[in-house]
Amino acid sequence: MTRDHGQHQEPPSFWRSRYAIGLIVIGAVAGYFLLTEHLAHVVGALPFLLLLACPLMHVFMHHGHGGHGGHGHHDHGSGHQDAAEKPDQTKRGDSP
C-alpha cells in the first residue's frame, strides 16, 4: 500500500479560469466606456496633472535631498578624490 506523491496536482490558477477571462472582458468594456464618456474631464485635468508631476518627480527622484547615502558629497578623510577632479590638478591654496 504505497502512495504515489509525485502526481499531486495543484488547482488551476484563478487567472486561467473562465471567471478571470470574464472579469478582464468586463473591465476592458467598463474602461472603454469610462474613457469615452469622460474624455473631456481627463483632457481638462491634464495641465493640472502636469503641474502636479513636477513636485512629485522632484521628491521621488531626489529622494528628499536630506537622506543618508545617495549622492551626498561629504569628505570624511577617506582619501578618495572627487570623480570630476583629476589627480594632476592642484587645489586653490596648494603650492605646485
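At which residue does H2 bend, and which proline follows within four residues? H2 bends by about 40° at Leu46, and the proline is Pro47. This is a predicted model, in which local features need pLDDT of at least 70, side-chain atom pairs count only at pLDDT 80 or more, and totals for chains, interfaces and linings use all residues. Residues are numbered from 1 along each chain as its sequence is written, and side-chain values use heavy atoms, with hydrogens and water left out.

**View 1. Overview of the protein.** The secondary structure consists of two helices and zero strands; helices (H or I, at least four residues) and strands (E, at least two) are DSSP runs, numbered from the N terminus. Of the 96 residues, 1% are buried. Buried means under 20% relative accessible area, exposed over 50%, and partly exposed in between (1.4 Å probe, protein chains only). The protein exposes about 10,100 Å², with 63% supplied by carbon and sulfur atoms; areas come from the Shrake-Rupley method with a 1.4 Å probe, and for residues only the protein chains shown count as cover.

**View 2. Nonpolar surface patch.** Leu35, Leu39, Val42, Val43, Leu46, Leu49, Leu52, Leu56, Val59 and Phe60 together have about 930 Å² of accessible area. Patch residues have over 30% relative accessible area and no salt bridge, and nonpolar side chains (Val, Leu, Ile, Met, Phe, Trp, Tyr) are joined within 5 Å, like charges within 9 Å. A salt bridge is a side-chain nitrogen of Lys or Arg within 4 Å of a carboxyl oxygen of Asp or Glu. H2 gives the largest share of the patch, nine residues. Leu52, in helix H2, is partly exposed at 47% relative accessibility.

**View 3. Aromatic pairs.** The whole structure holds two aromatic pairs. Phe14 and Trp15 have ring centres 5.2 Å apart and planes at 75°, so they are edge-to-face. Rings of Phe, Tyr and Trp (its six-membered ring) pair if their centres lie within 6.5 Å; planes under 30 degrees apart count as stacked, over 60 as edge-to-face and the rest as tilted. Phe14 is partly exposed at 43%, and Trp15 is exposed at 55%. The rings of Tyr32 and Phe33, with centres 5.4 Å apart and planes at 65°, are also edge-to-face.

How values were computed
The bend at a residue is the angle between axes fitted to the seven residues ending there and the seven starting there.
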